[in-house]
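Colleague: Could you walk me through this model and tell me what lies behind the words you use for it?

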Amino acid sequence: MALPKEDIDTPYRISNALVLLIGISKYSKMEDLNGAKRDVANYRKLWEQKYGYRVLPEKGSNKWYEKEEWTFEEIEEFIEDKRWELLNADNELVHDALIVSINGHGSGRGILPSDFDIKNKDKNAA
């Protein structure tokens with residue numbers, strides 16, 4: 001079912017987004033990407049300070065905060081776990097948008113996790 005034209009033409013205003021930031025800067029089989037850490041810091045500053053959005057991982061998160069190596073499984077686990085932050089205990093939305101920013105090497109297949117090996121076709125891009 002198509003949206004009515006007035007719904008398409010009306011801009012949606014985001015005022016309370018949840019932002020998930022992933023910066024992949026360390027790789028086991030590729031050149032490290034030093035700029036990813038800086039990019040994540042700049043995105044965090046933008047989303048938190050300019051827009052007032054909640055950004056995850058938060059500073060107190062020992063497992064995820066400032067993480068530089070991300071396997072495909074860890075990317076999947078982080079997004080799967082943190083998406084529930086969109087809801088409160090009564091399963092009501094507390095955020096009006098989800099923004100996911102993954103910074104790292106990429107290819108036509110997607111984002112390349114830290115353990116990506118072009119010679120091993122079993123390792124997938126995210």
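Modeller: Gladly! Contact here means heavy atoms within 4.5 Å. This is a predicted model, where local features need pLDDT of at least 70 and side-chain atom pairs count only at pLDDT 80 or more, while totals for chains, interfaces and linings use all residues. Residues are numbered from 1 along each chain as its sequence is written, and side-chain values use heavy atoms, leaving out hydrogens and water.

Colleague: Thanks! Which residues is Ile 22 in contact with, leaving aside neighbours within four places in sequence?

Modeller: Ile 22 contacts Val 40, Trp 70, Ile 75, Phe 78, Ile 79, Ser 101, Ile 102 and Asn 103.

Colleague: And why is Ile 22 called buried?

Modeller: Buried means under 20% relative accessible area, with a 1.4 Å probe and protein chains only. Ile 22 has 0% relative accessibility, so Ile 22 counts as buried.

Colleague: What makes a nonpolar core?

Modeller: The term means a set of buried Ala, Val, Leu, Ile, Met, Phe, Trp, Tyr and Cys residues joined through side-chain atoms within 4.5 Å. The largest one has 14 residues, and Ile 22, Ile 24, Trp 70 and Phe 78 have the most contacts inside it. Its largest share, 3 residues, comes from E1, a strand, meaning a DSSP run of E with at least two residues, numbered from the N terminus.

Colleague: What does Phe 78 touch, not counting residues up to four places away in sequence?

Modeller: Phe 78 touches Leu 20, Leu 21, Ile 22, Leu 56, Pro 57, Trp 64 and Trp 70. A second, separate core of 8 residues includes Leu 21, Trp 47, Tyr 53 and Val 55.

Conventions
Buried means under 20% relative accessible area, exposed over 50%, partly exposed in between (1.4 Å probe, protein chains only). Helices (H or I, at least four residues) and strands (E, at least two) are DSSP runs, numbered from the N terminus.
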